[in-house]
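Hi,

Here's the structure I promised to pass on. Have a look at it first, then read my notes below with the viewer open.

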Amino acid sequence: MAALCLAVTGVVLWPTTPPDLAVGKRLQTSGVLAAWHKGDLIVLVRHEERCDRSSNQCQGPEDGLTLPGSQSSAALGQAFKALGMDNSDVLVSPTTRTAQTSRFMFGTTRLSTGTLAICGHTMSEEILTRKTAGRNLLLITHSACISDFERSLGYPHADATEYGSSLFVEVTASGTLKALGIMHARDWTSALKQLKRLEPLYRPPE
């Protein structure tokens, strides 16, 4: 019984997955909005639905997105534009599906250098070298790479990232990384409606 209590306590105190930002008012209370306006965030966005793992109609090449995936990408881009993209940079993993996701989100594609995605145990350090102070960095990437990043943040057993989901990570004043939470693509509509109601409280600084 004591061992069971310790196990339950461990799950409560050390969650296996970063918080879901769509729950309650976490998008506001987590610090995401304040960090976004200051340009202190790294956001890892998983590409949208890929053709080679779906029966949906392809948008183009078979290593790219489905038609529903391209439509979801456009909606996801509108969500980020609603937050404001003036102080944000977008970097894209060098594959067709990530490049298409970025193009449908923002109309542009800036591939990361090299032929391989930014992944692995040194991922945190590499991403930090790509981030400009005072500017958010969005990386359009893959579920395996997001899992690598989550492990480096202390979430070795995090749930697999869904298509279009975004992991928000703050770069603190001391230069360390702090996971603030995950927003699933399906939850942006309700989250933005809530933000609109609270707009006077969370308007970005002039």
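Strand 4 and strand 5 run antiparallel and are joined by six bridges. Strand 5 covers residues 177-183, and five of its seven residues are buried.

Before you go further, keep in mind that this is a predicted model. The protein chain averages a pLDDT of 88, and 87% of the residues score at least 70.

Now for strand 1. Which strands does strand 1 pair with, and in what sense? With strand 4 (residues 166-171) it runs antiparallel, over five bridges. With strand 3 (residues 136-141) the pairing is parallel, also over five bridges. If you want residues to look for, Ile-42 has Val-169 in strand 4 as its bridge partner, while Val-45 is partnered by Ile-140 in strand 3.

Is strand 1 mostly covered or mostly open? Mostly covered: six of its six residues (41-46) are buried. In a regular strand the side chains alternate between the two faces of the sheet. Here, Leu-41, Val-43 and Val-45 are on one side, Ile-42, Leu-44 and Arg-46 are on the other, and all of them are buried.

Next, the rings. The structure holds four aromatic pairs. One of them is Trp-36 with Phe-80: the ring centres are 6.0 Å apart and the planes are at 40°, so the pair counts as tilted. This pair links distant parts of the chain, with Trp-36 in helix 3 (residues 32-38) and Phe-80 in helix 4 (residues 67-83), 44 residues apart. Why do both count as buried? Because buried means under 20% relative accessible area, and Trp-36 comes out at 1% and Phe-80 at 0%. Together with Phe-168 and Trp-188, Trp-36 and Phe-80 form one aromatic cluster.

One last thing to zoom in on: the charged end of Arg-103 sits over the ring of Phe-104, 4.9 Å from the ring centre.

Technical notes
Residues numbered from 1 in each chain as written. Predicted model: local features only at pLDDT ≥ 70, side-chain atom pairs only at ≥ 80, totals over all residues. Heavy atoms only, no water. Buried < 20%, exposed > 50% of the residue type's maximum accessible area, 1.4 Å probe, protein only. Helix = DSSP H or I, 4+ residues; strand = E, 2+ residues; numbered from the N terminus. Pairing = 2+ DSSP bridges. pLDDT = per-residue confidence, 0-100. Phe/Tyr/Trp six-rings, centres within 6.5 Å; stacked < 30°, edge-to-face > 60°. Lys NZ or Arg CZ within 6 Å of the ring centre and 35° of its normal.
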